[in-house]
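User: Could you take me through this model? I would like to cover strand pairing and the overall fold.

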Amino acid sequence: MAGAIDDAPQVHDLLLLSLGRVHPACIAEPAWVQTAMKRSPWVVVRRVNAPVGKVAVGVRGTDRSQRWGGFMDMADVALIKRPAQLRVSLAHDSRKSVPALKTLALVERELTDLDLSWGPVGSVGFELATGDRVISEASDLDLALFAPQRIDHAIARDLWGTLSSLPAKVDVRIETPYCGFSLEEYALRRSAKILIRTPDGQQLVEDPWDI
Amino acid sequence: MEQIEFDYPAAKRRITKKAYVGVVGSGDMEVLMEPAGGDGAHVSITTSVNGFQDSWKAVFDRFFSKFDGAVKIQINDAGATPGSVLLRLEQAVEVIEQ
């Protein structure tokens with residue numbers, strides 16, 4: 001891997017492991033983790049601080065309750081797929097009628113002119129990156145929208161207005177260089193504070209671009 | 001999907017404001033907190049994650065050991081982590097006590 005900062009794994013990136021090995025963080029590894037890693041050696045980068053040379057990752061099992069976090073060596077990263085690289089064109093034709101993927105196709109059309117990097121995460125991102133059929137008929141479409149600079153409230157409201165009226169439920173996480181938070185919460189502004197997620201935990205703040 | 005209800009009859013302080021905070025998104029929840037009709041507080045939780053009745057009870061037992069407002073709380077949960085549950089409740093209280 002090249003050493004440039006931009007190549008460092010970021011939250012929501014999907015990583016292919018060359019050795020298929022993840023070290024336990026603090027919780028002992030459940031039995032299903034080995035099975036899941038053998039079936040598909042892909043993990044997702046988590047929003048957790050990792051020791052030098054390691055990256056915090058999550059393993060996805062077949063059941064919804066099967067999510068497990070650990071650390072892996074940066075040297076074991078064989079391939080990185082970023083949300084912005086994942087589009088509905090990567091889906092198998094037989095899958096394009098699943099509501100979450102139909103909705104992604106509509107989102108791609110709606111966001112053509114958007115000047116920000118974005119892409120699917122969650123089950124949709126995982127299936128598009130890995131080819132594993134993990135999206136169900138009931139799956140939401142989870143998106144990450146990267147906003148290094150402040151998004152104006154009026155623009156956020158328009159964006160949420162568009163994205164909240166599509167066939168599948170769309171859940172958008174805005175990512176700043178410091179934290180992630182919900183587009184819906186930022187756009188609707190029901191209270192003066194907003195809940196942000198950082199590598200050190202969650203907190204309520206007034207301005208997610210100034211923390 | 002699971003529906004969970006709790007009552008806290010000792011919470012009798014009159015509340016006049018209403019709060020609506022949070023979102024029904026992955027790992028989060030929505031809280032509607034408003035004045036209860038009569039004496040005592042009532043909590044009603046709709047959650048997408050089954051089997052955590054005891055954890056919810058522990059959260060609200062602790063919450064009502066400090067908070068005495070006669071409120072009606074409605075929660076729509078999409079798998080909120082324990083950390084977000086406490087922050088969302090704190091946020092709702094901040095709004096109604098303003």
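This is a predicted model: local features need pLDDT of at least 70, side-chain atom pairs count only at pLDDT 80 or more; totals for chains, interfaces and linings use all residues.

User: How many bridges join E1 to E3 in chain A, and do they run parallel or antiparallel?

Analyst: Strand E1 of chain A, residues 14-17, is joined to strand E3 of chain A, residues 42-45, by three bridges, and the two run antiparallel.

User: Which residue in E3(A) is the bridge partner of Leu15(A)?

Analyst: Leu15(A) has Val43(A) as its bridge partner in E3(A).

User: And what about E3(A) with E4 of chain A, how many bridges there?

Analyst: Two bridges link E3(A) to strand E4 of chain A, residues 54-60, and this pairing is antiparallel. Val45(A) is bridged to Val57(A) in E4(A).

User: Switching to chain B, what is its secondary structure?

Analyst: Chain B contains two helices and five strands. Their order along the sequence is β-β-β-β-α-β-α.

User: What radius of gyration does chain B have, and why would one expect such a value?

Analyst: The radius of gyration of chain B is 12 Å; this agrees with a compact globule, because a globule of 98 residues would have a value near 13 Å. The C-alpha trace of chain B spans about 35 × 25 × 20 Å along its principal axes.

User: What share of its residues count as buried?

Analyst: In chain B, 35% of the 98 residues count as buried.

User: And what share of the contacts in chain B join residues at least 24 apart?

Analyst: That share is 86%, taken among contacts in chain B between residues at least 6 apart in sequence.

Note on methods. Residues are numbered from 1 along each chain as its sequence is written. Chains are lettered from A and ligands numbered from 1 in the order in which they are written. Two strands pair if DSSP finds at least two bridges between them. Helices (H or I, at least four residues) and strands (E, at least two) are DSSP runs, numbered from the N terminus. The radius of gyration is taken over C-alpha atoms; the globule rule is 2.2 Å times the number of residues to the power 0.38. A residue is buried if 20 or more other C-beta atoms lie within 10 Å of its own, exposed if 12 or fewer, and partly exposed in between; C-beta atoms are placed from the backbone. Two residues are in contact if their C-beta atoms, placed from the backbone, lie within 7 Å.
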